[in-house]
Every structure is written in structure tokens, then in C-alpha cells.
Amino acid sequence: MNNNKDRIKLAHGSGGGMMADLIQDVILRYLDAPELANLDDAAELVIPHNRIAFSTDTFVVKPIFFPGGDIGSLAVSGTVNDILMKGARPLFLSLGLVLEEGFLIHDLRTILQSIKQACDYAGVKVVTGDTKVVGKGDLDGICINTSGIGSILPGVDVSGSYAKTGDSVIVSGDIGAHGIAVMVKRNGLHLKGDIKSDAKPLTGEVLPLLERYADSIHVLRDPTRGGVAATLNEIADSSGVRIYLDESAIPVNDWVKSVCELLGFDPLYLPCEGRFLVFVDSSASVEVMSFMRDTCGCHDVSVIGTVEGESSGEVLLRTISGGVRILDMPVGELLPRIC
Amino acid sequence: MNELRQIRENSLLQGLSRQLQSVRLSEPVTLMEVCGTHTMAIHRAGLPTLLPPNLRLLSGPGCPVCVTPVSYLDTACAIARQYDVTLTTFGDMMRVPGTDGTLADLRSEGYPVDTVYSPFHSVTLAQQKPESQVVFLAVGFETTAPVVAASVKYAYDIGINNFSILSAHKLVIPALKILIDDNRIFVDGFLLPGHVSVILGSEPYRFIAEKNAKACVITGFETADIIQGILLLIDQVQKRDFIVAIQYRRVVKPEGNTKARAVIDEVFESADTEWRGFGVIPESGLMLRDEFGAFDASERFPVHMEMHNEPVGCRCGDVLRGYIEPPECPLFARGCSPEHPVGPCMVSTEGTCAAYYRFSRLQGDI
Ligand code: SF4
């Protein structure tokens, strides 16, 4: 199975010798956690502390390879980041692969390689997994599910419903790059400039922050589907507060801006896969921001808004002209699935 | 730096915005933006919260989907039900309610309704399906009329006989005349539509400034364009010096686009037509000239209908005439929203009710 043209066959999912070969020669080549090696039906785990974060997500991105990542790196960072957003250190992942008959084994290797890289980067291990093969046409190439377990850091208590009046809203970097990278690749647009998804596990950014500022942080969320606009609306709604955003403070990369202008998108609605929003006590915001910039590597970190009072839960945007308007949930399906 | 970049400069925008906020008006001034794209842009930028006291912005009838009457939509649906045709339409029309539902409902019942980005796509579809009849729902102002005219001409030239259009094309100037003569509202000046003026130029508006003493500024669609347009209008009103000014110089020429007007003229002639909220306005629509009569879907597929019912309780007509602002409609945000629109002004991406709902429904509370 080392030929570049080898493809997945239905027999690879049948439980027989071919399946064993696929697992040994392809999959385990990249995934080498001791918990996985003996291929028991379930993994035995030792978990520090007793507050556990547990999350799952399924990935069907199209195209599966995009500038700055692929479905494999996305599947790891997606679940790792969800665990981090609960204030937990991600520890273990499960990996479910569903492959379409005819899928190139070479592509599978590339995806597994980026899964391995992302896991190493995030400090997590794949400890259990499953592979299924479906008939040609029953799936568009590949679908990946990852579930993950993390251990919640002592003293940390964050939730989307904990936003409080007076909180500052911080974004860890420029927004919208993942959405645009995928759109550009999908539409075959040839644009100049370094267009790259922001997708990455946020372990290195989030853990030091939590360790240092557990007391001041109320909400942690990554703005994936529906972007910053949808995520903030959800937080405003579940916390029962009104959030004011300042458009001129929102970091947007120049090429994201230009593509948005070209295609008529609003960066606030584009998904990010390597950015997060933090709600902190306003008294700590300046310090938290410099810590994020200097220690966590969040170069474009910015305070983009404030929580002002309890309400039925809405987000208002102070536009660049100084006018104020509602920033709504996205209406309808703005973008096809890209995460 | 090109002109578009310049107008998007934050510093320019912020300077203009401060200028707008510092305007002091001794008398109330009412301005109307005629175009739905302006309405959207104004609300998206949050401009209603920056207007100085005594300045009121009213939205006018410039959303093509909104002014299209129920009778038109009913005719389109009846054609689809009674004849074996494929309807093609711009996406905005899909969810506009007619007497018996929307085009989207029609499609879910199994009737072929396709959305297209250009009437030329409909012609192509007709070429690909020579056995079926393709009808394009031609809705819009002077902006879309040239391309519709060109598509009809093209179909005529290459001899396509399974393509036709159902024209609800409207002309802006006759509607402006009605607004000026309406004594229920008084407008001091008009923020005139940039796109339509690309075709028309500034000449056709002259009577508004010269005979009717109203301020007129042809304005672009960036936030800075719009604030500049408003400031120019206020200046004319304060000095009582009324002209048709062009703020949108980077795109609009005083003489307009003569070629585009020529192709409209070649294919269409003006005719009385019905507008939602206004009734029939003389000479305010476009119908195909006799030479192109074979492309007229209303001739090719005659239908008879008894009644056209406006959505119950919807006050789009009053919104389009500037009589009320959307929040004054009892259904606004109480039963009528973009997810569940009752009238076309909430459906269209250029509709006034949609603009208020999406961006400004908390006004007075922010
Ligand atoms: S709010 Fe809805 S019902 Fe009221 S005028 Fe607007 S579209 Fe019609």
C-alpha cells in the first residue's frame, strides 16, 4: 500500500486481513500511543483530577486539503479547541474514520500525518479509533469524527453563560482567515497573497492563560461556525447580557478584507479555527492582553468589546463611522459547510 | 490609492461622520433615500444613530421586489400552474408572498422554478431545453432593464422561440413625480440612486431641483459616499440652492449611459403599470415593443384570475410611500421577521423592513 495510486476498497472495511493491513501499515504508522498499540476494544486511561471535559465533533470539510491545513488537522484542532474552551487540558482523542471506496491511500497518509502533527503540537494522544469504508458515492471522500477528553484546570470555571456586566471581550487574533482560505480553494480563485487558514490547536495559547488568570476569565469560546457574530450572540443570549463591539478594533487581515469585499462576505460571520474569544474582568483586561501577546504568542490580540448590562441578549456593533447597529445571528445558510 | 480605497479610508469616514453629527438644523429637514441598496447600507452602518436632531431619513420605493404588486406574482404562479413552463427568477423574488403562496412554495409543489443571476442564463436554459418553455420574471428598475433588453434582443437575433419574459420593469422618475406631488409627506431632498443614475445620468432629475425646489444628490453606496451625499443635501436645503449634484462621480456621468438607454428603447416602450402601495402610475413601466411581442409571456400564456389579495395586515404600501417607518407596522418583529416574512419589504435584501429588522430594531434603546 505504498503506491501513490492505491485506493481504498470496500474490503478495507470488512474486518479481514486487508483491514488489518490498513490499520497496521497505514494508520498505526502515524498513531503510536501505547494505549492504542494493543488494539483492545477500549482504551484504559488515567486522568488527573476529577473534573473532566468531554467533547465530540464530526468533520466533512470540502475541499479536504486547503491552504494552511486539511481535514485531519482540522479534526484534531476542532475537538482539542472545544475541550480547551471548557477550561481543560486536552489529553486523549478518539479517531473515527469513514472512507469512501476509491479514496486514495496516499491522501489518507497525508491526512494521518497532519493528524499526528496536530496531536503532537497539541500534546494529545489518539487512544482509540475506528475505521469504516462505505461504497462509492455514499460519501464525499472522507469523514472524520474525533471525540476528546480533557482535565479541567483547578480553579477554572468558564462557560458561555458567565459573561458579566463590565467584562471586556478579547479576541486572540485576526478573524475570518479559515473561512476565506476554504472558500478561495473551493471556488478555485487564484488570488495573490499569503492566503492561509488559521486552523490550529490552541493549547499553547490557552493553557498558560488559564493557569495565570483563572480567576478573571469568565468565558472562553472559539468562534467557529457562524464566526464571531454567531458566537457572541450565543454568549449574549445564554448570559442574558448586551455586548457592544467596536468594529474598528476587530483585527482583520488585509487579504481577508479584500476577498470579503470581492465576494460580499462579512468577516464577522466567517469561521475561525485557531482563534478564541475571552471575557475577562475589565480591571484585568490590559494585563491579560499583554500576557496573551507577549507570552502566548497572540500577536494580533485585541479588546474588541465590552459587556454592558443585563438584557434579553443582543450584540450591538459600533461601526467605523461611529453609528451603532445590531449584529445579528446569521440568517439562513450563508456559507456551505466548511468546518 | 484608487478612488474606492480612498472612500473606504477610516479617517475620511470618521471625519465625515463627525461633520454629520455636528450639523445643527434650525428647521426639521426630511430626506428620502430612493434606493433599497441605500436603505440597507444606511442601516448596516448604523447611520440612523448618528443623525443630528431635526434630520429625518425616509426610505422610498426603490426596492424592485417590494414595489412589484401581488397581481404580478399571481400571474407568474398561474402561468406556471396552467402551462408547461419553467419559471426563472432572481433569487430575491422566491420568498415574496402572493395570494396563494410564494414561488418557493410553487417549487416545493413540484413546478419548475429556477433562480438565475442573469436573464442570459434563462436564454441558455431555453437553448438547452428546446422542448420546454422558459419564462424569465423581469423585475427591476433601469439598472436591470438594459441586460433584460439585451437578452431579448439576443434571443430574437438567434431565433429562440421558447424563451419569454414577464415584464414588471419599473421606471424611477414617474414614481418620484408621485412622491413630490403627495401632500401626505413633505420631502426636502432626495438621496438619488447611484446604480440607476449610471444609466440615466443627471438630466432626468433636473425638474425635481428646478421646478420643485428639492435638493438632489446622486450618491454612491459606501458609508462615506452616503454621509457625503447627506451633507450635500443638507447644504442645498440650507442655502435653498437646488441642483442635481453628483456625489458618485467615480461611476456616474452627467449624460449617463446612452448605449444602455438605446437598447432599452429599442426593445421596450413605456406603459402604465401597477406599483405596490401606489396603484397604477402612468408611463412608469416598460413593456415589449410590438416587434418583440413574441417574447411577451403575458401574451403567450394568457391567464385569467379573479382576486389578488395582499398579505393580511401588511403595511408595505405605506412603508414604500414613506408614510410610516417599519416599526409603526403592528406586525413588525411581532409575527413578521426575515425568517417568517409577511410582506415583501421584509423578504427582500433591499427591503426597508428587513433593513430595520436586521440592523435597527432596537432604535431608541441603544
Ligand atoms: S413589517 Fe412585515 S407586515 Fe409590516 S409592512 Fe413590513 S413586511 Fe409588511
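**Domain and chain interfaces in a predicted two-chain model**

In domain 1 of chain A, 22 residues are in contact with 22 residues of domain 2 of chain A. The model is predicted. The domain assignment places domain 1 of chain A at residues 3-152 and domain 2 at residues 167-326. Their centres, taken over C-alpha atoms, are separated by 28 Å. Between them, these two domains of chain A bury about 1,800 Å². Carbon and sulfur atoms give 65% of that area. Three residues, A:P67, A:L84 and A:M85, supply 31% of the area that domain 1 of chain A buries against domain 2 of chain A.

The rule finds one salt bridge across the interface of domain 1 and domain 2 of chain A. A salt bridge joins the side chains of A:R89 and A:E211, with an N to O distance of 2.9 Å. Eight residue pairs are in polar contact across the interface of domain 1 and domain 2 of chain A, both residues of each pair being at pLDDT 80 or more. On the side of domain 1 of chain A that touches domain 2, at least two residues each come from β2 (65-66), α3 (71-84), β4 (88-100) and α4 (105-122) of chain A. The largest share belongs to α3(A), with seven residues. By class, this side of domain 1 of chain A divides into 14 nonpolar, five polar and three charged residues.

The overall form of chain A was also examined. Chain A holds nine helices and 13 strands. Its C-alpha trace spans about 65 × 50 × 35 Å along the principal axes. The radius of gyration of chain A is 21 Å. This agrees with a compact globule, because one of 339 residues would have a radius of gyration near 20 Å.

Chain B has 17 helices and 11 strands. Along the principal axes, the C-alpha atoms of chain B fill a box of roughly 65 × 45 × 40 Å. For 366 residues, a compact globule would have a radius of gyration near 21 Å, and chain B agrees, with 21 Å.

Chain B is divided into three parts: domain 1 (27-60 + 174-246), domain 2 (65-171 + 256-300) and domain 3 (316-360). The C-alpha centres of domain 1 and domain 2 of chain B lie 29 Å apart. In this pair, 11 residues of domain 1 of chain B are in contact with 16 residues of domain 2 of chain B. The buried area between domain 1 and domain 2 of chain B is about 980 Å². Of this, 80% is on carbon and sulfur atoms.

Zero salt bridges are found by the rule across the interface of domain 1 and domain 2 of chain B. Three residue pairs, with both residues at pLDDT 80 or more, are in polar contact between domain 1 and domain 2 of chain B. The most come from α10(B), which gives six residues. This side of domain 1 of chain B has eight nonpolar, three polar and no charged residues.

The two chains also meet. Chain A brings 16 residues to the contact, and chain B brings 24 residues. The area buried between chain A and chain B is about 1,600 Å². Carbon and sulfur atoms give 52% of it. Across the interface of chain A and chain B, the rule finds one salt bridge. B:R361 forms a salt bridge with A:D328, and the closest N and O atoms are 3.0 Å apart. Eight residue pairs are in polar contact between chain A and chain B, both residues being at pLDDT 80 or more.

Four elements of chain A, namely β9 (241-246), α8 (254-263), β12 (314-318) and β13 (324-326), each supply at least two residues of the side that touches chain B. Of the elements, β13(A) gives the most, with three residues. The side of chain A that touches chain B has six nonpolar, five polar and five charged residues.

Conventions. Residues are numbered from 1 along each chain as its sequence is written. Chains are lettered from A and ligands numbered from 1 in the order in which they are written. This is a predicted model: local features need pLDDT of at least 70, side-chain atom pairs count only at pLDDT 80 or more; totals for chains, interfaces and linings use all residues. Side-chain values use heavy atoms; hydrogens and water are left out. Contact means heavy atoms within 4.5 Å. Buried area is the accessible area (1.4 Å probe) that two parts lose on being put together, summed over both. A salt bridge is a side-chain nitrogen of Lys or Arg within 4 Å of a carboxyl oxygen of Asp or Glu. A polar contact is a pair of N or O atoms within 3.5 Å; within protein, one must be able to donate a hydrogen and the other to accept it, and residues adjacent in sequence count only if both atoms are side-chain atoms. Ala, Val, Leu, Ile, Met, Phe, Trp, Tyr, Cys and Pro count as nonpolar, Asp, Glu, Lys and Arg as charged, and the others, Gly among them, as polar. Domain bounds come from an automatic or database domain assignment. The radius of gyration is taken over C-alpha atoms; the globule rule is 2.2 Å times the number of residues to the power 0.38.
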